[in-house]
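Subject: Handing over the structure

Hello,

Here is the structure I promised to pass on. Please open it and keep it beside you while you read.

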Amino acid sequence: MNSSNSSPPDALSSPAALPPPRRVPRTPAAPLEPWYAETLVWGRWLISQPAAAALLLAFVAALTVFYGFVHPFNSGKVSAFQWMWSAWNPETHYEHGPFIPCVFLFLVWNAQAKLRNATLGSSKWGLAVLGFGVLLYLVSARALQPRLALAAIPFLLWGAVLYVWGRQAARALLFPCAFLFFMIPLPGVEQATVGLQLLATKLAGATCNLIGLRMVADGTTLRAANDAFHFEIADGCSGINSFMAITMLTAVFVHMTQDRFWKKVVLFAASGVFAIVGNVARLTSIMIVARFFGQDFAGKQFHDVSAYIISFPFAFASMWLASKVVNWKPTAEQKERWTRPAAPASSPAGGTAAAGLATAATPATARPTYDY
Amino acid sequence: MITKRLLVVALFLALGLGCVFLVPSSARLQPAGIVLNLPTQVGSDWIGQDVEVTEKERVGLASDTGFVRKLYTNRNTGDQIFVGIVLSGEDMANSIHRPERCLIAQGWAVADSQTRLVPGAPSAAPSVEIKRLVHSRPVKTTDGKPFNYRNVTYYWFIGSHDRTASHWQRTFFDIRDRLVYGENQRWAYVTIATAVTEGIRHVVKDAQGRQIELPQRSEEQASKIVEEFIPQVLPSFERRGAGEPIAGL
């Protein structure tokens with residue numbers, strides 16, 4: 001109903017005049033690709049190529065038989081995989097060994113996109129690399145050195161990829177295959193713990209003293225200056241376990257995050273530093289906890305979890321920080337500030353302004369002006 | 001094309017790795033480079049008494065591993081030096097290993113490791129390359145105070161025709177001998193050790209059961225005593241094949 005004070009009706013205000021709402025056809029949203037989509041592509045390829053799938057299986061079976069069921073070592077009693085499994089133990093500081101094949105499979109899965117986009121080809125060098133791997137295996141059987149047999153595995157796998165699928169595919173799988181070298185337990189690791197024990201003890205002692213907790217480092221023993229508590233930094237506490245694990249994790253980290261080869265090399269070379277930082281932080285935290293909560297609690301309950309709540313976070317933090325440093329690039333503003341020419345000197349007394357510049361005779365302490 | 005290449009690779013791998021059945025599994029065992037025996041007396045001052053090998057050690061190593069051990073006491077100064085020899089059997093993988101492994105397993109911490117040249121026996125080589133370890137473990141004195149007890153250990157490996165203080169070099173010799181000559185050297189692991197008694201009263205029992213106090217010796221003094229002892233004891237067990245010097249000297 002119209003009011004005498006209301007504005008005259010117009011086409012827009014009258015409900016009857018409003019155009020009917022237009023139905024906008026909805027375009028169906030693109031379905032999200034599941035994380036296993038790439039793997040399905042490979043699965044479909046294998047199903048469509050049964051002969052190739054059978055031969056791939058034969059390749060894997062041959063490796064499994066010769067590494068798992070042929071016993072050339074320990075007077076004919078032990079296969080390469082059996083030796084490897086027994087060598088992955090706390091005494092050799094290789095408890096992390098079983099994770100290595102899992103990480104390898106993850107790295108291969110992660111490289112699927114690159115593999116799918118790789119140009120197919122073949123290189124006869126692949127057969128040469130494969131032949132080198134076979135030779136290493138035979139030498140290991142004759143020389144009774146199972147480590148050589150394990151060292152042959154990356155060559156066997158990568159050589160096969162290079163020959164069958166070509167250079168681009170081999171390049172995508174170079175790091176995953178090289179990662180398998182971490183499987184090989186190194187014999188001198190026990191001796192390395194000595195140096196690490198001494199270094200970790202000294203650095204932890206210095207850090208404690210720096211924060212006001214007076215400690216005395218004597219060989220591999222850390223004791224409070226007032227003899228309230230003391231700890232023997234055993235080889236298990238030297239950090240060798242975390243050293244191996246952090247070196248491996250650094251390798252994966254640089255592979256997945258760094259774009260240039262020199263950055264990967266620099267960060268990987270610094271993995272020992274990250275491990276030491278993590279271990280020193282852990283030892284220092286144990287001393288702090290011992291100071292406030294007693295040696296028993298620090299040496300048992302806290303010690304058991306300290307690797308996870310202190311050591312690894314500190315190591316990863318230092319890794320991340322180092323990554324930020326190697327990837328630091330100046331912003332455009334910083335570049336411009338650094339490359340800007342020096343401000344002109346103050347003009348002589350009574351001098352005239354240069355054309356286009358509004359300058360003044362400024363004393364030495366005044367801020368220079370710039371041409372905007 | 002991929003199927004054909006996969007076929008080539010699978011055949012290459014199967015035939016190549018299959019050659020392992022053609023590789024000889026055994027090798028000729030060379031005679032030992034030592035005589036598994038230690039004298040009762042070394043020089044004019046050192047008198048030795050046998051030290052028993054524990055059952056745990058015998059069971060832990062291969063059954064044909066040979067052992068001989070003696071604890072030598074200087075009748076003038078009272079110093080004591082332990083000498084032990086382990087001779088590997090046919091099963092090289094389970095006979096001898098680096099002392100760094102067993103020391104750590106026994107609770108020792110190796111604080112220093114270096115290679116030294118020590119004088120050899122006058123009738124043999126002028127010098128012998130030996131690995132010297134300083135290792136320690138925390139102990140409690142009789143009045144309950146903690147103390148870092150240290151030992152100095154010298155060790156090296158003697159084969160049929162090689163001698164080395166390096167585990168890596170011994171491994172290389174083994175690989176070379178098996179690949180090139182088709183033979184194994186029978187390695188002997190010799191260890192000579194003494195305690196660093198500086199800062200502590202170290203009381204031991206002699207062969208007659210009497211308690212004797214060892215003289216105070218610093219690390220350097222203990223090392224000097226061992227290095228003077230080595231050329232005296234070496235000729236008693238190191239074999240010289242047909243008058244030829246051992247390779248590497």
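Below is what was found, topic by topic.

Please keep in mind that this is a predicted model.

**Aromatic pairs**

Start with the rings. Over all chains, the structure holds 20 aromatic pairs. Take Tyr67(A) and Phe81(A) as one of them. Their ring centres are 5.4 Å apart, and their planes meet at 35°. Stacked pairs have planes under 30 degrees apart and edge-to-face pairs over 60, so this pair is tilted. Where do the two residues sit? Tyr67(A) is in helix 2 of chain A, residues 50-68, and Phe81(A) is in helix 3 of chain A, residues 80-87. They are 14 residues apart, and the pair links distant parts of the chain.

Is Tyr67(A) buried or exposed? Tyr67(A) is buried, because its relative accessible area is 1% and buried means under 20%. Phe81(A) has 31% relative accessibility, so this residue counts as partly exposed. Ring pairs join Tyr67(A), Phe81(A) and Tyr137(A) into a cluster.

Now move to chain B. The ring centres of Trp108(B) and Tyr149(B) are 6.0 Å apart, with planes at 35°, so this pair is tilted. Trp108(B) is in the loop between helix 3 (99-105) and strand 6 (109-119) of chain B. Tyr149(B) is in strand 8 of chain B, residues 146-158. The pair therefore ties together parts that are 41 residues apart in sequence. Both Trp108(B) and Tyr149(B) are buried.

**Charges over rings**

Two arginines are worth a look. In chain A, the charged end of Arg291(A) sits over the ring of Phe292(A), 4.9 Å from the ring centre. In chain B, Arg170(B) lies over the face of Phe157(B). Here the distance to the ring centre is 4.3 Å.

**The second largest pocket**

Next, find the second largest pocket. Its space comes to about 1400 Å³. The lining has 39 residues. Closest to the pocket centre are Leu56(A), Phe104(A), Leu105(A), Val108(A) and Leu173(A).

Which helix gives the most to the lining? Helix 2 of chain A does, with eight residues. Several other helices supply at least two residues each, among them helix 1 (37-48), helix 4 (99-110) and helix 7 (146-165) of chain A. Chain B takes part too: helix 1 (2-18) of chain B also supplies at least two.

**Cysteines**

Cys177(A) is buried, with a relative accessible area of 5%. Cys208(A) counts as buried too, at 0% relative accessibility.

**A backbone angle to check**

Most residues other than glycine have a negative phi. Leu144(A) is not a glycine, yet has a positive phi of about 60°. Look for Leu144(A) in the loop between helix 6 (125-143) and helix 7 of chain A. Leu144(A) is partly exposed, with a relative accessible area of 28%.

**Two serines in loops**

Last, compare two loop residues. Ser123(A) is in the loop between helix 5 and helix 6 of chain A. Ser123(A) is buried, at 5% relative accessible area. What separates the C-alpha atoms of Ser123(A) and Gly166(A)? The separation is 5.7 Å, although the residues are 43 apart along the chain.

Ser79(A) is in the loop between helix 2 and helix 3 of chain A. Ser79(A) is buried as well, with a relative accessible area of 0%. Now pair Ser79(A) with Lys300(A), 221 residues apart along the chain. Their C-alpha atoms are separated by 39 Å.

Best wishes

Conventions:
Residues are numbered from 1 along each chain as its sequence is written. Chains are lettered from A and ligands numbered from 1 in the order in which they are written. This is a predicted model: local features need pLDDT of at least 70, side-chain atom pairs count only at pLDDT 80 or more; totals for chains, interfaces and linings use all residues. Side-chain values use heavy atoms; hydrogens and water are left out. Rings of Phe, Tyr and Trp (its six-membered ring) pair if their centres lie within 6.5 Å; planes under 30 degrees apart count as stacked, over 60 as edge-to-face and the rest as tilted. Helices (H or I, at least four residues) and strands (E, at least two) are DSSP runs, numbered from the N terminus. Buried means under 20% relative accessible area, exposed over 50%, partly exposed in between (1.4 Å probe, protein chains only). A charge sits over a ring if NZ of Lys or CZ of Arg is within 6 Å of the ring centre and within 35 degrees of the ring normal. On a 1 Å grid over the protein atoms alone, a cavity is a set of points where a 1.4 Å probe fits but cannot get out, and a pocket is an open set with protein on both sides within 12 Å along at least five of seven lines; lining residues have an atom within 4 Å of a point. Grid points are joined across faces, edges and corners, and a volume is the space filled by probe spheres set on the points.
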